[in-house]
Amino acid sequence: MSYFTDTYDDFSEEPRHRYSRARSQRINQRRELAIEERRVVYVGKIRNGMLREELRRRFEVFGEIEDCNIYFRSEGDNYGFVTYRYTCDAFAAIENGQTLRKPDELPFDLCFGGRRQFCKTNYADLDSSHADFSSYSTKSKFDSLDFDTLLKQAKRSLRR
(Lines give C-alpha, C1' and ligand atoms only; values in the text may rest on other atoms or scores of the structure.)
Protein backbone atom coordinates (compact mmCIF):
# COMPACT_ATOMS: atom_id res chain seq x y z
CA MET A 1 0.00 0.00 0.00
CA SER A 2 1.37 3.37 -0.90
CA TYR A 3 2.11 5.71 2.01
CA PHE A 4 0.33 8.64 0.35
CA THR A 5 -2.74 6.90 -1.05
CA ASP A 6 -5.18 4.18 -0.08
CA THR A 7 -4.40 2.10 -3.19
CA TYR A 8 -1.83 -0.59 -3.89
CA ASP A 9 0.64 -0.07 -6.69
CA ASP A 10 2.73 -2.73 -8.45
CA PHE A 11 5.77 -2.20 -6.22
CA SER A 12 4.08 -2.08 -2.83
CA GLU A 13 1.85 -5.13 -3.03
CA GLU A 14 0.36 -6.40 0.19
CA PRO A 15 2.95 -8.82 1.71
CA ARG A 16 0.64 -11.82 2.17
CA HIS A 17 -0.35 -11.74 -1.53
CA ARG A 18 3.29 -11.49 -2.56
CA TYR A 19 4.12 -14.48 -0.33
CA SER A 20 1.24 -16.63 -1.62
CA ARG A 21 2.14 -15.89 -5.24
CA ALA A 22 5.80 -16.78 -4.63
CA ARG A 23 4.76 -19.98 -2.86
CA SER A 24 2.48 -21.07 -5.70
CA GLN A 25 5.27 -20.38 -8.20
CA ARG A 26 7.66 -22.59 -6.20
CA ILE A 27 5.05 -25.37 -6.06
CA ASN A 28 4.49 -25.17 -9.84
CA GLN A 29 8.24 -25.25 -10.48
CA ARG A 30 8.65 -28.36 -8.29
CA ARG A 31 5.70 -30.02 -10.05
CA GLU A 32 7.14 -29.26 -13.51
CA LEU A 33 10.55 -30.55 -12.46
CA ALA A 34 9.01 -33.81 -11.20
CA ILE A 35 7.22 -34.23 -14.55
CA GLU A 36 10.39 -33.56 -16.55
CA GLU A 37 12.35 -36.01 -14.39
CA ARG A 38 9.63 -38.65 -14.95
CA ARG A 39 8.86 -39.04 -11.25
CA VAL A 40 5.08 -38.63 -11.64
CA VAL A 41 3.00 -41.77 -12.24
CA TYR A 42 -0.54 -41.57 -13.62
CA VAL A 43 -2.83 -44.19 -12.06
CA GLY A 44 -6.06 -44.70 -13.98
CA LYS A 45 -9.13 -46.87 -13.29
CA ILE A 46 -9.20 -46.11 -9.59
CA ARG A 47 -12.30 -47.53 -7.96
CA ASN A 48 -14.91 -45.26 -6.41
CA GLY A 49 -14.32 -44.66 -2.74
CA MET A 50 -10.56 -45.25 -2.74
CA LEU A 51 -8.88 -42.82 -0.38
CA ARG A 52 -5.69 -40.92 -1.06
CA GLU A 53 -4.05 -42.62 1.92
CA GLU A 54 -4.87 -46.06 0.49
CA LEU A 55 -3.38 -45.19 -2.89
CA ARG A 56 -0.26 -43.86 -1.18
CA ARG A 57 0.04 -46.94 1.05
CA ARG A 58 -0.30 -49.33 -1.89
CA PHE A 59 2.23 -47.55 -4.11
CA GLU A 60 4.83 -46.70 -1.47
CA VAL A 61 6.15 -50.27 -1.75
CA PHE A 62 8.08 -49.00 -4.80
CA GLY A 63 9.73 -46.07 -3.02
CA GLU A 64 9.34 -42.83 -1.12
CA ILE A 65 6.33 -40.79 -2.24
CA GLU A 66 6.40 -36.98 -2.21
CA ASP A 67 2.78 -36.38 -3.20
CA CYS A 68 -0.35 -38.35 -3.98
CA ASN A 69 -3.67 -37.07 -5.39
CA ILE A 70 -6.93 -38.70 -6.51
CA TYR A 71 -9.50 -37.15 -8.85
CA PHE A 72 -13.04 -38.49 -9.07
CA ARG A 73 -15.09 -37.79 -12.20
CA SER A 74 -18.83 -38.09 -12.67
CA GLU A 75 -18.31 -40.55 -15.56
CA GLY A 76 -16.54 -42.94 -13.21
CA ASP A 77 -13.15 -42.75 -14.92
CA ASN A 78 -11.30 -41.90 -11.71
CA TYR A 79 -7.57 -41.32 -11.74
CA GLY A 80 -4.70 -40.14 -9.58
CA PHE A 81 -1.08 -39.08 -9.61
CA VAL A 82 1.70 -40.43 -7.43
CA THR A 83 4.90 -38.38 -7.30
CA TYR A 84 7.99 -40.31 -6.24
CA ARG A 85 11.17 -38.86 -4.83
CA TYR A 86 13.31 -40.82 -7.31
CA THR A 87 12.79 -41.61 -10.99
CA CYS A 88 13.78 -45.27 -10.58
CA ASP A 89 10.90 -45.73 -8.13
CA ALA A 90 8.43 -44.33 -10.67
CA PHE A 91 9.75 -46.77 -13.29
CA ALA A 92 9.32 -49.65 -10.82
CA ALA A 93 5.74 -48.57 -10.08
CA ILE A 94 4.84 -48.49 -13.77
CA GLU A 95 6.45 -51.84 -14.47
CA ASN A 96 5.07 -53.66 -11.42
CA GLY A 97 2.05 -51.65 -10.31
CA GLN A 98 -0.41 -54.21 -11.65
CA THR A 99 0.59 -56.53 -8.83
CA LEU A 100 -1.08 -54.13 -6.35
CA ARG A 101 -4.55 -54.82 -7.73
CA LYS A 102 -7.11 -56.44 -5.48
CA PRO A 103 -9.21 -59.32 -6.91
CA ASP A 104 -12.37 -57.21 -7.15
CA GLU A 105 -10.66 -54.28 -8.96
CA LEU A 106 -9.95 -53.52 -12.59
CA PRO A 107 -6.27 -53.39 -13.53
CA PHE A 108 -4.79 -49.93 -13.09
CA ASP A 109 -3.79 -47.88 -16.12
CA LEU A 110 -0.22 -46.88 -15.35
CA CYS A 111 2.01 -44.46 -17.23
CA PHE A 112 4.08 -41.37 -16.63
CA GLY A 113 1.95 -38.42 -15.60
CA GLY A 114 1.93 -34.84 -16.75
CA ARG A 115 1.59 -35.30 -20.50
CA ARG A 116 -0.02 -31.89 -20.88
CA GLN A 117 2.96 -30.17 -19.29
CA PHE A 118 5.51 -32.51 -20.83
CA CYS A 119 4.23 -31.98 -24.37
CA LYS A 120 3.75 -28.23 -23.81
CA THR A 121 1.57 -26.65 -26.55
CA ASN A 122 1.14 -29.68 -28.83
CA TYR A 123 -1.08 -31.67 -26.47
CA ALA A 124 -4.75 -32.28 -27.24
CA ASP A 125 -6.88 -34.15 -24.73
CA LEU A 126 -8.44 -36.80 -26.94
CA ASP A 127 -9.79 -38.74 -23.96
CA SER A 128 -12.33 -36.06 -23.10
CA SER A 129 -15.81 -35.75 -24.56
CA HIS A 130 -16.31 -36.21 -28.29
CA ALA A 131 -17.70 -32.68 -28.67
CA ASP A 132 -14.17 -31.34 -28.26
CA PHE A 133 -12.92 -33.16 -31.36
CA SER A 134 -14.63 -30.87 -33.85
CA SER A 135 -12.25 -27.99 -33.11
CA TYR A 136 -9.11 -29.98 -33.99
CA SER A 137 -8.02 -30.45 -37.55
CA THR A 138 -6.31 -33.75 -38.22
CA LYS A 139 -5.49 -33.13 -41.87
CA SER A 140 -1.94 -32.43 -42.89
CA LYS A 141 -0.74 -30.67 -46.00
CA PHE A 142 -0.04 -34.09 -47.56
CA ASP A 143 -3.58 -35.48 -47.20
CA SER A 144 -4.64 -34.14 -50.59
CA LEU A 145 -1.62 -35.63 -52.38
CA ASP A 146 -1.59 -39.13 -53.74
CA PHE A 147 1.26 -41.61 -53.27
CA ASP A 148 2.93 -40.93 -56.64
CA THR A 149 3.09 -37.19 -56.02
CA LEU A 150 4.58 -37.71 -52.58
CA LEU A 151 7.15 -40.15 -53.99
CA LYS A 152 8.22 -37.62 -56.63
CA GLN A 153 8.60 -34.91 -54.00
CA ALA A 154 10.72 -37.20 -51.84
CA LYS A 155 12.99 -38.11 -54.79
CA ARG A 156 13.44 -34.42 -55.66
CA SER A 157 14.44 -33.59 -52.09
CA LEU A 158 17.03 -36.42 -52.08
CA ARG A 159 18.70 -35.06 -55.24
CA ARG A 160 19.42 -31.71 -53.58
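Reader: How confident is the predictor in the protein chain, by mean pLDDT?
Author: This is a predicted model. The mean pLDDT of the protein chain is 78. Of its residues, 69% reach 70 or more.

Reader: Which element has the lowest mean pLDDT, and which the highest?
Author: Helix 4 (residues 115–118) has the lowest, at 54. Helix 2 has the highest, at 95.

Reader: What does the model show for residues 1–8?
Author: There pLDDT stays under 50. The model has nine contacts for these residues beyond four places in sequence.

Reader: What makes Glu54 and Arg47 a salt bridge?
Author: The rule asks for a side-chain nitrogen of Lys or Arg within 4 Å of a carboxyl oxygen of Asp or Glu. The closest N and O atoms of Glu54 and Arg47 are 2.8 Å apart. That is within 4 Å, so the pair is called a salt bridge.

Reader: Why can such side chains pair at all?
Author: Side chains of opposite charge can pair when their charged atoms come close.

Reader: What links Arg58 to Glu54?
Author: Their side chains meet in a salt bridge, at 3.0 Å from N to O. Arg58 and Glu54 are four residues apart in helix 2 (residues 52–59), so about one helical turn separates them. Arg58 is at 11% relative accessibility, under the 20% cut-off, and therefore counts as buried.

Reader: How do you know that Arg73 and Asp77 form a salt bridge?
Author: Their N to O distance is 3.2 Å. The cut-off is 4 Å, so the pair qualifies. Arg73 has a relative accessible area of 36% and is partly exposed. Asp77 also has 36% and is partly exposed.

Reader: Which residues do salt bridges with shared partners join into one network?
Author: Arg47, Glu54, Arg58, Lys102 and Glu105. By this rule the salt bridges come to 11.

Reader: What makes Glu95 exposed?
Author: Exposed means over 50%. Glu95 has a relative accessible area of 61%, so Glu95 is exposed. Glu95 is found in helix 3 (residues 87–96). Glu95 and Cys111 are 16 residues apart in sequence. In space, their C-alpha atoms are 9.0 Å apart.

Reader: Why is strand 3 said to be largely enclosed by the rest of the structure?
Author: Five of the seven residues of strand 3 are buried, so the rest of the structure largely encloses the strand. Strand 1 (residues 40–46) is mostly covered, with five of its seven residues buried.

Reader: How do you know that strand 1 and strand 3 pair?
Author: Pairing needs at least two bridges. Strand 1 and strand 3 (residues 78–84) have six, in the antiparallel sense, so they pair. Gly44 stands opposite Tyr79 in strand 3.

Reader: What makes strand 4 a partner of strand 1?
Author: Four bridges join strand 1 and strand 4 (residues 109–112), against the two needed, so they pair. The sense is antiparallel. Val43 stands opposite Leu110 in strand 4.

Reader: How many bridges join strand 2 to strand 3?
Author: Six, and the two strands run antiparallel. In strand 3, Tyr84 is the bridge partner of Ile65. The hairpin of strand 2 and strand 3 has six residues between the strands. In that hairpin, Gly76 takes a positive phi near 90°.

Reader: Which residues have the most contacts inside the largest nonpolar core?
Author: They are Val43, Leu55, Phe59, Val82, Tyr84 and Phe108. The core has 18 residues. Strand 1, helix 2, strand 2 (65–71), strand 3, helix 3 and strand 4 each give it two or more residues.

Reader: Beyond four places in sequence, what is Val82 in contact with?
Author: Its contacts there include Val40, Val41, Val43, Leu55, Phe59 and Ile65. Arg39, Asp67 and Cys68 are also among them.

Conventions:
Residues are numbered from 1 along each chain as its sequence is written. This is a predicted model: local features need pLDDT of at least 70, side-chain atom pairs count only at pLDDT 80 or more; totals for chains, interfaces and linings use all residues. Side-chain values use heavy atoms; hydrogens and water are left out. Buried means under 20% relative accessible area, exposed over 50%, partly exposed in between (1.4 Å probe, protein chains only). pLDDT is the predictor's confidence in each residue, from 0 to 100. Contact means heavy atoms within 4.5 Å. A nonpolar core is a set of buried Ala, Val, Leu, Ile, Met, Phe, Trp, Tyr and Cys residues joined through side-chain atoms within 4.5 Å.
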